[in-house]
Amino acid sequence: MTAKDALTERYQDLLSVYLKAKTETTLYKGQQFSRKLLEQQISPEDLVSLHIQVMDELFPDMSEEMRDSFDFLLEAMIGYGFAYREHQSLRDKQQQLESEIEVAASMQQTLLLSDVPEFDQLDIGVVSVPAKKMNGDYYNFVKSGNSLSVAVADIIGKGIPAALCMSMIKYAMDSLPEEQMKPHLLLENLNRVVEQNVHSNMFITMFHGVYEPESHKFYYAGAGHEPGFFYHAKEDEFHDLIAKGLVLGVSRTTTYHPYEKMIEVGDMVILLSDGVTECRTSKGFIEREEVVALIRKYMDLPSQKIVENVFQELDRLQGFELRDDFTLIILKRLV
Amino acid sequence: MDIQSCVEVRNEWDIVSARQLGRNMAKELGFGNVDQARITTAISELARNIYLYAGRGKICIEPIDQLGRKGLRIVALDNGPGIREIRKVMEDGYTTSGGLGAGLPGVKRLMDEFSIESTVDVGTEISATKWLR
């Protein structure tokens, strides 16, 4: 017996039982049967044809008008069959796209994954969580000689285009020569790359900094990036870590201002993406002071624990629904 | 009936004639009622495309027999503007002609075999086959 014959027989059974005693039970079985039809991808006009076939057998003396009316119904169902098949084909396509995005996302993760380096003088903590499948935030650590450089970037724009753009930034940064590791010069270089290669409706903000352990100096520059914080241990105070500069990709000739800061024992440099400060709770956006208060709350823990705890609290505040990619980095001078 | 029969398509009434021709032949070949309805719908769509986009053309229906395998072939011919981007018109959701909103991908799904050839400013030839199961 073919699958179709089995269906015909089942339909005939159900229908004749129903016609004898019109019970809710049989109707319920009919509803379950329709699920089976969908599973087997039976289209609407096939079901009508099945009905006609069964009616022919149950009522061989059916009036001709009745019989003809079924043919008319069949013809009228063809459009629904069209729509049904188009729906199936679009659904297949969507599944295919989704699995492709899945692959791309995991590829991006592998490509952009930056190991947090071991660095004797600094205690480093990082958390970076995408809001959707692909992360539009990017962070990168590079150890070169004795110094450590750190970059945080955010694409204005979300999803796949942002992620593709991020990959380009990574390779542009990797290919810059090491002597250009001075933050403001690096930004100028990247700015030219972005201006030339990225569509004008996409902008990238970036913060770049280099810590030199001999001088205990932190050199930095910013391209329109969300300001981080600087914690001055001696005063026990948090300050905004402001680095002014135009976002990358606006104008080819943009220059960036070099900044530097002395880092003393116990001081912290806190870098973030706007996903941290644009956390939205039922009361509206959270304030930068609230982020500071959270950091202060966990300040005595190792850096990695601080960022993880801050993320967990903000995530909980938002009902575990991140609206934007979230990146938070803390560098604390140990010795 | 193994010679090709054609219907000229110039107005909406000719679509009905093309359907009638297709249905008669499908019935004669032994297609069931669902397949008859699918074949005539495919003919409707193709004839409608001719009427809407080429102005005039013809629909030919022929029975086929390949090594004992029987079927029916619809050929839609026109000397209209042709289709610049065939790949586009074969995408779901591209068509805007109204009708059933099914377009060429719908026709392709209704039939077993489907091929299209089109040259800009020369015309379009679409052929679609349904096999008797």
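**Exercise 1. Work out how H3(A) and H4(A) are oriented relative to each other.**

Step 1: take the angle. In this predicted model, helix H3 (residues 44-58) and helix H4 (residues 64-112) of chain A pack at about 155 degrees, with axes 6 Å apart. Axes are lines fitted to C-alpha atoms, for helices over the stretch in contact, and angles run from 0 to 180 degrees between N-to-C directions. Helices (H or I, at least four residues) and strands (E, at least two) are DSSP runs, numbered from the N terminus.

Step 2: classify it. Angles under 35 degrees count as roughly parallel, over 145 as roughly antiparallel, 65 to 115 as roughly perpendicular and the rest as oblique. H3(A) and H4(A) are therefore roughly antiparallel.

Step 3: look at who touches whom (contact: C-beta atoms, placed from the backbone, within 7 Å). H3(A) contributes residues including Val48(A) and Ile52(A), while H4(A) contributes, among others, Phe70(A) and Leu74(A).

A word on conventions: residues are numbered from 1 along each chain as its sequence is written, and chains are lettered from A and ligands numbered from 1 in the order in which they are written. Because the model is predicted, local features need pLDDT of at least 70 and side-chain atom pairs count only at pLDDT 80 or more, whereas totals for chains, interfaces and linings use all residues.

**Exercise 2. Find the edge strands of the five-stranded sheet in chain A.**

Step 1: write the order. The open sheet runs S1-S12-S9-S6-S7 with antiparallel pairing; two strands pair if DSSP finds at least two bridges between them.

Step 2: read off the ends. Strand S1 (122-129) and strand S7 (237-241) each have a single partner strand, so one side of each lacks a neighbour in the sheet.

Step 3: S6 (residues 228-232) and S9 (residues 268-272) of chain A pair over 3 bridges, and Phe230(A) has Val269(A) as its bridge partner in S9(A).

Step 4: H9 (residues 303-317) of chain A lies across S1 and S12 (326-333), at about 25 degrees to S1(A).

**Exercise 3. Describe the contact of chain B with chain A.**

Step 1: count. Here 10 residues of chain B are in contact with 13 residues of chain A.

Step 2: assign elements. Helix H2 (33-54) and helix H4 (103-110) of chain B each supply at least two residues of the side touching chain A, and H2(B) gives the most, with 5 residues.

Methods: Contact = placed C-beta atoms within 7 Å.
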